[in-house]
Amino acid sequence: MEDNKDNAEKTANWVGEHRTRQFLSMQTPADLCRLLRTPFNNLEQMINHPVYHGFSVPKKRGGYREIMAPSVELKRFQRRLNHYLQLCYLYIRPVEVHGFVIHPKHLQEPCNIVANASQHAGKKYLLNIDLREFFPGITARRVKEVFHSSCFSFSDQIATALTLLATYHGKLPTGAPTSPVISNFICFGLDYDLIVFCENSHLTYSRYADDLTFSSNDPINPSITDEIITLVERHGFEVNRKKTRLTSSYRKQTVTGITVNEKVNVDRNLLKKTRAMLHDLSLNGAELATRRHFNIRSEVTPELISTFISRLTGYINFTGQVRGPEDYMYLKFKEQLTNNT
């Protein structure tokens, strides 16, 4: 049994390395066409005339987030490209980064939102920093620089083609499959500098997408916070100062929605919200529950109802991820959702 496991790991490693070499060895548009499994005229059409559909999604705390979703065909290309980019990032990923990362089964250490939060569990002081306009703030110029960097060393022709495939109107679109992993490449220098700074300052650091978290058992004074913000801004990112918060263990400490005061756990407010949404769904049906949840008086579209159900499903899955698949509350939530959808 152990030999079979070892052989599976070796095979997975070989496949990953082979595909990575295949991607990095691209030199001509013909190589890119072979990699994306498409004729040149089709690729040229996607590059020169990309099709996106824009729509708004309600944010959890009010307001709307603008999404630019690529066409079905363009998304297919971006997913293939994302596969190769993820394999490349896997070889350079700092262990402090947990968001938008593939996690092959043969790797033992977890890489998810729970692992990101668990590093800060039980710490006396917690500093949360959020980056403003994360994807839209990353320009096509910066993306092209990544493809020219030592990570890839692509020719200008290939770097330009990949940049045009992955950006829209000169920036990373929120909705493209390639945007998350490209943002991780863009953040590589920032992560490195923050890791060095935190080692020298006796801080624990982790990043999940645009959420930066720092913790320590020693006080985190304002000068340290200012140094971190200065370092972030030096790398071309903008800090959302309204969401920057420093909390001690005497108050509720959360990392990406997970409570970490003593151990990782789901925030009580999220559990309360999930119960309320399930109760409303069961008592009044999906349309009225959607209307109440988003606090709207206009007509409720099927898309908005789908967003409500997806959000509720996400809350429930999140509960299971944090508390475990056998947790009583998770199983109860899951059963209630199944019975009412």
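## Strands, helices and cores

Tutor: Let us begin with strand E5 (residues 211–216), which is mostly covered, since five of its six residues are buried. Please keep in mind that this is a predicted model.

Student: Which strands pair with E5, and in what sense?

Tutor: The general idea comes first. Strands of a sheet pair through backbone hydrogen bonds, and the pairing may be parallel or antiparallel. In this structure, E3 pairs with E5 in the antiparallel sense over six bridges. Within that pairing, Phe-214 in E5 is the bridge partner of Leu-127. E4 is also joined to E5, by five bridges, and these two strands run antiparallel. Here Leu-212 in E5 stands opposite Arg-207.

Student: How many residues lie between the strands in the hairpin of E4 and E5?

Tutor: There are two residues between the strands of this hairpin, in which Ala-209 takes a positive phi near 60 degrees.

Student: Which residues have a positive phi although they are not glycine?

Tutor: Among them are Glu-133, with a phi of about 45 degrees, and His-202, with a phi of about 60 degrees. Glu-133 lies in the loop between strand E3 (125–130) and helix H6 (140–148). His-202 lies in the loop between helix H9 (188–201) and strand E4 (204–208).

Student: Is Glu-133 buried or exposed, and why?

Tutor: The cut-off for an exposed residue is a relative accessible area over 50%. Glu-133 has a relative accessibility of 51% and therefore counts as exposed. His-202 is exposed as well, because its relative accessible area is 61%.

Student: In what order do the strands of the open sheet lie?

Tutor: The open sheet has three strands in the order E7-E8-E9, with antiparallel pairing. Strand E7 (254–255) and strand E9 (265–266) are its edge strands, each pairing on one side only. E7 pairs with strand E8 (residues 258–259) in the antiparallel sense over two bridges.

Student: Let us turn to helices. How is a pair of packed helices described?

Tutor: Two packed helices are described by the distance between their axes and by the angle between those axes. For helix H2 (residues 29–36) and helix H7 (residues 156–166), the axes come within 9 Å and cross at roughly 40 degrees. H2 and H7 are therefore oblique to each other.

Student: Which residues meet where H2 and H7 are in contact?

Tutor: From H2, the residues are Pro-29, Leu-32 and Leu-36; in H7 they meet Gln-157, Ile-158, Ala-161, Leu-162 and Leu-165. The residues of this contact comprise seven nonpolar, one polar and no charged.

Student: Which residues touch the most other members of the largest nonpolar core?

Tutor: They are Phe-23 and Ile-228, in a core of 61 residues. Helix H4 (residues 72–90) supplies the largest share of this core, seven residues. A second, separate core has 28 residues, including Leu-312, Ile-316, Val-322 and Tyr-330.

Student: What is in contact with Ile-228, leaving aside its neighbours within four places in sequence?

Tutor: Ile-228 is then in contact with Leu-127, Ile-129, Leu-194, Phe-197, Leu-203 and Phe-214.

How values were computed:
Residues are numbered from 1 along each chain as its sequence is written. This is a predicted model: local features need pLDDT of at least 70, side-chain atom pairs count only at pLDDT 80 or more; totals for chains, interfaces and linings use all residues. Side-chain values use heavy atoms; hydrogens and water are left out. Two strands pair if DSSP finds at least two bridges between them. Helices (H or I, at least four residues) and strands (E, at least two) are DSSP runs, numbered from the N terminus. Axes are lines fitted to C-alpha atoms, for helices over the stretch in contact, and angles run from 0 to 180 degrees between N-to-C directions. Angles under 35 degrees count as roughly parallel, over 145 as roughly antiparallel, 65 to 115 as roughly perpendicular and the rest as oblique. Contact means heavy atoms within 4.5 Å. Ala, Val, Leu, Ile, Met, Phe, Trp, Tyr, Cys and Pro count as nonpolar, Asp, Glu, Lys and Arg as charged, and the others, Gly among them, as polar. A nonpolar core is a set of buried Ala, Val, Leu, Ile, Met, Phe, Trp, Tyr and Cys residues joined through side-chain atoms within 4.5 Å. Buried means under 20% relative accessible area, exposed over 50%, partly exposed in between (1.4 Å probe, protein chains only).
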